[in-house]
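Please look over the model below before reading on. My notes follow, as numbered points.

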Amino acid sequence: MEEFVMPVRLTLVLLVAAMMLMLAMSVAVGAAYLTRRDGASYQACIKSGAVAFAATMTTATAALAALGAVAR
């Protein structure tokens with residue numbers, strides 16, 4: 001019976017993707033918290049968190065793509 005061994009590259013890509021998601025969630029929560037602390041409404045907090053999440057994911061994805069292109 002053959003064992004299933006996940007390739008190292010795939011493992012690293014999945015690990016980096018999970019770390020990017022955790023970082024983006026942390027940034028979104030922090031932005032929403034700071035917006036609420038500033039006295040804004042809940043709608044403004046949610047919008048601020050969503051914008052921060054999207055910006056972090058976009059930046060992280062671009063950096064990962066550039067790193068992948070250089071690594072080839």
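1. Threonine 35 touches Ala40, Ala44, Cys45 and Ser48, with residues up to four places away in sequence not counted. Contact here means heavy atoms within 4.5 Å. Threonine 35 lies in helix 1. Helices (H or I, at least four residues) and strands (E, at least two) are DSSP runs, numbered from the N terminus. Threonine 35 counts as buried because its relative accessible area is 19%. The cut-offs are under 20% relative accessible area for buried and over 50% for exposed, with partly exposed in between (1.4 Å probe, protein chains only).

2. A word on the basis. This is a predicted model, in which local features need pLDDT of at least 70 and side-chain atom pairs count only at pLDDT 80 or more, while totals for chains, interfaces and linings use all residues. Residues are numbered from 1 along each chain as its sequence is written, and side-chain values use heavy atoms, with hydrogens and water left out.

3. Overall make-up. The protein chain has two helices and zero strands. Its radius of gyration is 17 Å, whereas a compact globule of 72 residues would have one near 11 Å. That radius is taken over C-alpha atoms, and the globule rule is 2.2 Å times the number of residues to the power 0.38. Along the principal axes, the C-alpha atoms fill a box of roughly 60 × 30 × 15 Å.

4. Surface. Of the 72 residues of the protein chain, 14% count as buried. The chain exposes about 6,000 Å², and carbon and sulfur atoms supply 73% of that area. Accessible areas come from the Shrake-Rupley method with a 1.4 Å probe; for residues, only the protein chains shown count as cover.

5. Helix 1. This helix covers residues 8–37, 30 residues in total. From first C-alpha to last it reaches 43 Å, close to the 44 Å expected at 1.5 Å a residue. The expected span is 1.5 Å times one less than the number of residues. Which residues of helix 1 are buried? Met20, Ala24, Ala28, Ala31 and Thr35 are. An α-helix has 3.6 residues a turn, so residues three or four places apart point the same way.

6. Valine 29 and glycine 49. Valine 29 lies in helix 1. It counts as exposed because its relative accessibility is 55%. Glycine 49 is in helix 2. Glycine 49 counts as buried because its relative accessibility is 8%. Glycine 49 touches Ala28 and Ala32, not counting residues up to four places away in sequence. Methionine 25 is 24 residues from glycine 49 in sequence and 8.7 Å from it, C-alpha to C-alpha.

7. Helix 1 is followed by glycine 39, whose phi is positive, near 100°. Aspartate 38 is found in the loop between helix 1 and helix 2. Is aspartate 38 buried or exposed? Aspartate 38 is exposed, because its relative accessible area is 70%. Its C-alpha is separated by 35 Å from that of alanine 65, 27 residues apart along the chain.

8. Rings. The charged end of arginine 36 sits over the ring of tyrosine 42, 4.0 Å from its centre. To count, NZ of Lys or CZ of Arg must be within 6 Å of the ring centre and within 35 degrees of the ring normal. How many aromatic pairs does a search of the whole structure find? The search finds zero. Rings of Phe, Tyr and Trp (its six-membered ring) pair if their centres lie within 6.5 Å; planes under 30 degrees apart count as stacked, over 60 as edge-to-face and the rest as tilted.

9. Further along helix 2. Threonine 56 sits in this helix, residues 42–71. Threonine 56 counts as buried because its relative accessibility is 15%. Leaving aside neighbours within four places in sequence, threonine 56 is in contact with Leu23, Ala24 and Val27. Leucine 64 is also found in helix 2. Leucine 64 counts as partly exposed because its relative accessibility is 30%. With the neighbours within four places in sequence left aside, leucine 64 is in contact with Val16 and Met20. The C-alpha atoms of leucine 64 and arginine 36, 28 residues apart along the chain, are separated by 31 Å.
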